[in-house]
Amino acid sequence: MANAATSPLGVYLEHLEKGELAYQFSPDANAAVFYPRIICPYTGKDNLEWRISKGLGTVHATTAVYPQKGDPYNVVLIDMDEGFRLMSRVEDTPPLEVRIGMRVKFRVHPAEGDEPPYPVFTRAGTAP
Amino acid sequence: MNGLVRGSAAIVGAAESDIGAVATNMSPLDLMAQGIHRALADCGLTLKDVDGLWCATTQARTSAMSLCEYLRLPNAYTDSTIVGGSSFEVHVAHAQAALAAGLCSVAVIAYGSTQRTVGRRAASAREYNPYETPFRPFLPSTAYALAASRHMHEFGTTREQLAEVAVAAREWALLNPVAWEKKPLTIEDVLNARPIAHPFTVRDICLVTDGGGAIVMMSAERARSLAKPPVYVLGCGQAITHASISSMPNLTVTGARESGAAAYRMARMRESDIDVLELYDAFTINTVLFLEDLGFCAKGEGGRFVSGGRIGPKGSLPVNTNGGGLSYCHPGMYGLFLLIEAVRQLRGECGARQVAQAETALVHGNGGVLSAQATVILGTQATL
């Protein structure tokens, strides 16, 4: 069997380069899968499909890190509307004012030097 | 655990190595060897008797190989399973299995860390995670803080309730001559301490010390020939639910629910049968979560449960009687110290902090970021 031409992280990053937040979907488990993988953790099969998130989610958990130097910054877990969770930060809100249940929308933090792009969030409107 | 037999093996020796701040240039292997020497002396054995080695440390990639070289035990049965701080609770189950299968007859479980001396970053290098590292989580604190935020949101757990855990640990530590912390602590002290990861201050978070130690295990039958009373392994269980906090299935329910259920089942016991608890308190939220998940109170009630000094020396439920990772000692992977304290409690060796008539102990190890949960239930001869 030929080696895979792409990796899960590679595909994920290619989508981020295009401004898209990609995740996987397990057709047999009817469930979103994140982080991206080779094998579905629900079924053990290799038939995961790639999908693009609409970019809307809700803050599930939040904290502020107090570094030894510099200002506190926010770290959150976001539950995306499509049913997957990821770590990120909410950028337009003071770190201690980020609340569980807050609606947020995705945007790309672009690549900088050796660091690849990654998803960050800003406040969205009220809950749907 | 399926296949393990209640009471088939016993812990017969237990000892800390040097702990707290150790001598310059002491290595993790030095501390393992020192712990092994002391634990063997505790049960009247020597290195010549040892034919099974279990060990884990973040400071040696191939720690079993290094320990075989150090002790010159080329033919020892070895296992260096590493799942974070609960590795040693997992080792107890693995050693019990190996003893039952005749793979070895005297099993030593050892740990050593010079985390305080060399610095946390040098002792335990963080792996790059492309889905978390960009957000600069200060791990492990950030992960536990996220779980705490969720517990406070869902159940109304308060900052003061979390602080109760740290205060109880400190009160126990003041009764332990080798505990790192020597001064009293109040709820206000915890709340007003330096913030690290909201809602935690530095007093919600375990110490950063050096330390190590070892325990010695053998079959129950052989254990009865030794001078000190054996401490029997009655139940073991483990559950590994995730590795990174963004993959934790439920931030307010840990794998302790499953590991505890498995250990209770094997021990044919329930929470009301337990006399003393040693729970892995790397953060104040841990104790709250584990008391809930191990059945000592309902889910969400942990904060109220620990209030009013209930788990302190004057309370009704003795928890973390050595002062815990919060006030006694925490060299990075704390699990071995839980086992050492439980053995001492069941032998009645604990002096001012001794729990009266302790016949059963529940040890609960935690590894990673609430990731690898492992429970061990221990008991005296009377519990067999």
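Which are the buried residues of helix 10 of chain B? Before you click, keep in mind that this is a predicted model. Now select residues 256-267 of chain B, the 12 residues that make up helix 10. The buried ones are Ala256(B), Ser259(B), Gly260(B), Ala262(B), Ala263(B), Tyr264(B), Met266(B) and Ala267(B). From first C-alpha to last, helix 10 of chain B reaches 16 Å, close to the 16 Å expected at 1.5 Å a residue.

Next, bring up what covers those buried residues. The cover includes helix 3 (87-100) and helix 11 (284-293) of chain B, along with strand 8 (231-240), strand 10 (360-367) and strand 11 (372-379) of that chain. Then step just past the end of helix 10 of chain B: Arg268(B) has a positive phi there, about 55 degrees.

Is helix 11 of chain B mostly covered or mostly open? Mostly covered: 10 of its 10 residues are buried. Among them are Asn286(B), Phe290(B), Glu292(B) and Asp293(B). After helix 11 of chain B comes Gly295(B), with a positive phi near 90 degrees.

Time to zoom out to the interface. Select the residues in contact across the two chains: 30 from chain A and 25 from chain B. Together the chains bury about 2,300 Å² between them, with 65% of it on carbon and sulfur atoms. Colour Tyr66(A), Met87(A) and Ile100(A): these supply 27% of the area chain A buries against chain B, more than any other three residues.

How many salt bridges are there between chain A and chain B? The count is 0. Turn to polar contacts and you get 6 residue pairs between chain A and chain B, both partners at pLDDT 80 or more.

Stay on the side of chain A that touches chain B. The elements giving two or more residues to it are helix 1 (8-17), strand 4 (56-65), strand 5 (73-80), strand 6 (85-88) and strand 8 (118-123) of chain A. Strand 4 of chain A gives the most, with 6 residues. By type, this side of chain A divides into 22 nonpolar, 4 polar and 4 charged residues.

For the last stop, pick His15(A), which is found in helix 1 of chain A. His15(A) counts as buried because its relative accessibility is 14%, and the cut-off is under 20%. Leaving aside neighbours within four places in sequence, His15(A) is in contact with Glu20(A), Ala22(A) and Ile52(A).

Notes. Residues numbered from 1 in each chain as written. Chains lettered and ligands numbered in written order. Predicted model: local features only at pLDDT ≥ 70, side-chain atom pairs only at ≥ 80, totals over all residues. Heavy atoms only, no water. Helix = DSSP H or I, 4+ residues; strand = E, 2+ residues; numbered from the N terminus. Expected span 1.5 Å × (residues − 1). Buried < 20%, exposed > 50% of the residue type's maximum accessible area, 1.4 Å probe, protein only. Contact = heavy atoms within 4.5 Å. Buried area = accessible area lost by both parts, 1.4 Å probe. Salt bridge = Lys/Arg side-chain N within 4 Å of Asp/Glu carboxyl O. Polar contact = N/O pair within 3.5 Å; in protein donor to acceptor, adjacent residues only side chain to side chain. Nonpolar A, V, L, I, M, F, W, Y, C, P; charged D, E, K, R; others polar.
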